[in-house]
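This report covers selected local features of one structure.

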Amino acid sequence: MTATPAGRAVRRAGMPWSWCTLAAGVAGLACLGGVLTPAAYADEKSGSPEGAAAFQSNCALCHGPAGAGVPALAPAITDYPARYAATSEGRRQLAMTVLYGMFGEITVGDAHFNGQMPDLSRLDDATLAAILNFVVFDLAHAPADVKPLTAAEIAAERAHTVDGAAVRAHRKSLAIAGP
Ligand code: HEC
């Protein structure tokens with residue numbers, strides 16, 4: 001999706017850009033409100049418009065519309081998801097996190113969290129893969145040689161149920177995102 005010249009003009013004027021509205025229009029989905037504040041973000045192309053819309057509906061409430069996180073509520077997901085997506089265990093970690101949630105203390109950069117991410121297993125495999133591709137490519141800027149996540153990868157993790165504490169333990173074992 002490419003920003004329209006009108007959209008750029010609106011952003012330059014410091015007004016909220018209605019990327020969310022555009023994505024919702026394309027996908028025909030409802031979109032939770034939210035102003036995209038980081039100026040750089042709005043000029044990104046979205047690799048996954050449906051993932052973008054589903055992210056706004058299911059994740060933005062806690063992680064923020066551009067994934068920057070909310071202090072003491074939910075971590076930023078704008079960096080290491082790209083590194084996760086480059087390894088097979090990291091890809092499993094991303095799928096497990098959205099399917100089963102996460103529970104327990106984690107550190108992201110200098111920030112500590114000890115919250116509970118809900119499981120989102122009610123969303124189907126294709127939707128979860130699209131959301132993760134939005135996170136990995138649009139929010140965390142993974143390089144082009146990283147392969148998009150597939151519905152089959154989500155299905156593989158759905159076949160092995162774990163709980164949110166195990167998701168957190170697997171995260172720790174990877175040592176990609178910090179303790
Ligand atoms: C109700 C709030 C909430 C919602 C909704 C939510 N999350 Fe989370 N998320 C959290 C919290 C809290 C954590 C950290 C859990 C902890 O402290 O153990 C987290 C952790 C994560 C992590 C792992 C962070 C890390 O450092 O390993 C990812 C990735 C993630 N969320 C993505 C998503 C995506 C994608 C969605 C939507 C499909 C989503 N979250 C929806 C609250 C939420």
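Helices here are DSSP runs of H or I with at least four residues, numbered from the N terminus. The model is predicted.

## Helix H7

Helix H7 covers residues 125–139 and has 15 residues. From its first C-alpha to its last, H7 reaches 20 Å, close to the 21 Å expected at 1.5 Å a residue.

Of the 15 residues in H7, 14 are buried, and the helix is mostly covered. Just after H7, His141 takes a positive phi of about 55°.

## Packing of H6 and H8

Two packed helices are described by the angle between their axes and the distance between the axes. For helix H6 (residues 88–100) and helix H8 (residues 151–158), the angle is about 65° and the axes are 9 Å apart. Angles of 65 to 115 degrees count as roughly perpendicular, so H6 is roughly perpendicular to H8. The crossing of H6 past H8 is right-handed.

On the H6 side, the contact is made by Arg91, Arg92, Ala95, Met96 and Leu99. H8 contributes Glu153, Ile154, Glu157 and Arg158. By class, the contact of H6 with H8 has four nonpolar, five charged and no polar residues.

## Met102 in strand S1

Strand S1 (residues 102–103) contains Met102. Met102 has 26 other C-beta atoms within 10 Å and is therefore buried, the cut-off being 20 or more.

Which residues is Met102 in contact with, leaving aside its neighbours within four places in sequence? They are Thr97, Met117, Gly164, Val167 and Arg168. Asn114 is 12 residues from Met102 along the chain, and their C-alpha atoms are separated by 9.5 Å.

Key: Residues are numbered from 1 along each chain as its sequence is written. This is a predicted model: local features need pLDDT of at least 70, side-chain atom pairs count only at pLDDT 80 or more; totals for chains, interfaces and linings use all residues. Helices (H or I, at least four residues) and strands (E, at least two) are DSSP runs, numbered from the N terminus. The expected span of a helix is 1.5 Å times one less than its number of residues. A residue is buried if 20 or more other C-beta atoms lie within 10 Å of its own, exposed if 12 or fewer, and partly exposed in between; C-beta atoms are placed from the backbone. Axes are lines fitted to C-alpha atoms, for helices over the stretch in contact, and angles run from 0 to 180 degrees between N-to-C directions. Angles under 35 degrees count as roughly parallel, over 145 as roughly antiparallel, 65 to 115 as roughly perpendicular and the rest as oblique. A crossing is left-handed if the near helix is turned anticlockwise from the far one by less than a right angle, and right-handed if clockwise. Two residues are in contact if their C-beta atoms, placed from the backbone, lie within 7 Å. Ala, Val, Leu, Ile, Met, Phe, Trp, Tyr, Cys and Pro count as nonpolar, Asp, Glu, Lys and Arg as charged, and the others, Gly among them, as polar.
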